Amino acid sequence: MKLVPKPPNGNSSKVDTLLSAGDPGFKKPVSRSRTIRIDFRDGFVAPESLMDKFVIRGGNPLVGSVRISGAKNAALPAMAAAILTDEPVILENIPDVRDIQTERNLLVSMGAEVELGYGRASHRTTISCNNLVNPEAAYELVKTMRASTLVLGPLLARMGRARVSQPGGCAIGARPIDLHIKGLERLGASITQEHGYIEASAERLRGGHIIFDKITVTGTEDLMMAATLAEGETIMENCAREPEVTDLAALLTKMGAKIQGAGTHTIRIHGVEKLHGARHRIIPDRIEAGTFVIAAVLTGGDLQLTSCDPTHLGSLIQKLEECGVSITSGTDSMRVTNGHQLQAADITTEEFPGFPTDMQAQYMTLATQSQGTSIITENIFENRFMHAGELARMGANIKVEGSRAIVRGKTPLSSAAVQCSDLRASASLVIAALVADGETIIDRVYHVDRGYERIEEKLKSVGAQIRRIGEILPKRAAAPSVVA
Ligand code: EPZ
C-alpha cells in the first residue's frame, strides 16, 4: 500500500487515506475492543486506542521464545535520513509501533511517498523523497513525538530550509534541542525561533568543528546527517556512542556518505554533493530485549529471546549478573532461566556503554524484588521517576530524593489500578503487574504502544495472562500531547 500526499490545496499536510476490508495491510479488527484505522487528519492512530488499558493477572512464569523487533530509536533517524536523497531508501526490520506511524505521517506531510510492506514484508518501508514540497514538521506531529525534530538537519542539508516546531516540555525532563541548533549554526545555518517554530536556512551547509557541550543521541544523529551534504569536512567531538548512532552511520555510508568514527566520541564527515538510495536492515531493539529479560527474571520463567544483539546490552547483563541472575547469550539470542535469589545492586544511568536510562524504570521494578537496598541514580533526565509512585501503589518501598531513588526490597507487590506516564515507565508497570498478586489494571497504555510492538501478544505467547481492553470513545476525541 502506498501513502501519497494529496495534491496541495494550500494545505499540503493534509492526506486522506482510509483502509477498508480487502485493502492490502487492512487488519481485520482482532477483538471487539480494538480496531486499527489510520486517520491522517489527526496525524496519528485513531483516538479509540488512546483509552486502551491492560488487565494483567500476575504470577505466571514466562516460558518460551520471543522475537525482538527492530529498534524504534534506530528506525526513526533512519527514516529521517531518507530526506537526504531523491532516490528510494528501503528499510527492513522496522518495528510496527506508534512512533513509526507518526514519522511516516510526518514524511508524507512533507511530500514523501512512503510504501508500507505487508504480510511477510510488513516490517519493510520504502521511502521516496524525490518530491518534497513542504519542508515543515508541524506542531501537531512534533507534540506527539519529539524525535520528529530529527528532520531538521536533513531538510536543511537537502532543501536549504526547514521549519520545525519546537518540541516543548516532556514528561521525563525539559529536553531542549539547543545543541542541535548550535551545531547547525556552526555549519553555517541561520536560525530564528518564533511562534513556537525553528526557522532554519542555508544556501549550502559548510563543514565545521562541533564539540557538544553534553552527549546527545539525537543531536549527534541530526548533525551527522546534516554534515553528509555539507561542503568540506565536519569534525564532531563528545558524540554519543549509542548503537543507534552507529546504525545510522551504516545506512548513511550505504547512501554514499563519507563518515569515520561512528560509535566513538569523535566522528569525521566529509561532505559530498549528492547521496543515493540504499537498502538497510535496522538493528534489534536493545531496550525491548532488556525489558523482556527483566520480565523473565522476575516471573521465574525460562525465556529465549531471538533476533536480538546481546553486545548492545553489556551493562545490563553485567548488572543482572551482579544481582545473581545468569543469562546465556548467543550471537543473536539470549536465554534467561529461573531460580534466582535476587540481591540488591545500585545503578547509575549513563550514556552508552553505561547503564541505559531507558532501562532504569524496568530495573526499579526488579529492585523491588531484590534482597536489600538498591540506590538508583538517574543522571540523564531530571524527571524520570514518575513510575516510582505507581509502583508504590502496588506495595513497593521506594523513596525518591532528587535524582536518586532508594528502593528497599524484597516487598511483595499486589494488584492495583495504575497509569502510565511515559514509554519506559509503562514497561516497568507491565513487569510489576506480571509479578503482583491479583489482577492489575494499567491505564493509558498508548504510551506502551509508542515503542513496544504488540507487547501483550508477545507476552501472552509465553504464558502471561494479559489482555487489552479498550473504551469506544466518541469520534474525534482530542489526543493528549504526549512527548516522552
Ligand atoms: C534519545 O533521546 C532517545 N530517543 C531516548 O529514548 C533516550 O532516553 C535518550 O536518547 C538517552 O539515551 C531517541 O533516540 C528517539 P539526548 P534524545 O539528546 O536524543 C540534554 C525512549 O524511551 N540535551 O541524548 O532526545 C537532554 O535534556 C526515549 O525510547 C540538551 O540539554 O536524548 C538530556 O538531559 C526516551 N540539549 C541529555 O541531554 C540538547 O540539545 C541527553 O539527551 C539535547 C539534549
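Which residues in H4 meet Asp222, Met225 and Ala226 in H6? In this predicted model, the residues of H4 that do so are Leu152, Gly153, Pro154 and Ala157. Helix H4 covers residues 152-159 and helix H6 covers residues 217-227, and the two pack with their axes 7 Å apart, at an angle of about 10°. Angles under 35 degrees count as roughly parallel, and H4 and H6 are therefore roughly parallel to each other.

In soluble globular proteins, nonpolar side chains tend to be buried together. Here the largest nonpolar core has 77 residues, and those with the most contacts inside it are Leu84, Val151, Leu205, Met224 and Leu252. Helix H1, which spans residues 72-81, gives the most to this core, with seven residues. Apart from this core lies another, of 66 residues, which includes Leu305, Ile347, Leu423 and Leu434.

Met224 deserves a look of its own: when its neighbours within four places in sequence are left aside, Met224 is in contact with Met236, Val245, Leu248, Ala249, Leu252, Ile259, Ile267 and Ile269.

| Residues | Arrangement | Distance |
|---|---|---|
| Phe355 and Tyr363 | edge-to-face aromatic pair, 75° between the planes | 5.7 Å centre to centre |
| Arg163 and Tyr197 | Arg163 over the face of Tyr197 | 3.8 Å from the ring centre |

The structure holds one aromatic pair, and it is formed by Phe355 and Tyr363, both of which are buried. In the other arrangement, it is Arg163 that lies over the face of the ring of Tyr197.

Notes. Residues are numbered from 1 along each chain as its sequence is written. This is a predicted model: local features need pLDDT of at least 70, side-chain atom pairs count only at pLDDT 80 or more; totals for chains, interfaces and linings use all residues. Side-chain values use heavy atoms; hydrogens and water are left out. A nonpolar core is a set of buried Ala, Val, Leu, Ile, Met, Phe, Trp, Tyr and Cys residues joined through side-chain atoms within 4.5 Å. Buried means under 20% relative accessible area, exposed over 50%, partly exposed in between (1.4 Å probe, protein chains only). Helices (H or I, at least four residues) and strands (E, at least two) are DSSP runs, numbered from the N terminus. Contact means heavy atoms within 4.5 Å. Rings of Phe, Tyr and Trp (its six-membered ring) pair if their centres lie within 6.5 Å; planes under 30 degrees apart count as stacked, over 60 as edge-to-face and the rest as tilted. A charge sits over a ring if NZ of Lys or CZ of Arg is within 6 Å of the ring centre and within 35 degrees of the ring normal. Axes are lines fitted to C-alpha atoms, for helices over the stretch in contact, and angles run from 0 to 180 degrees between N-to-C directions. Angles under 35 degrees count as roughly parallel, over 145 as roughly antiparallel, 65 to 115 as roughly perpendicular and the rest as oblique.
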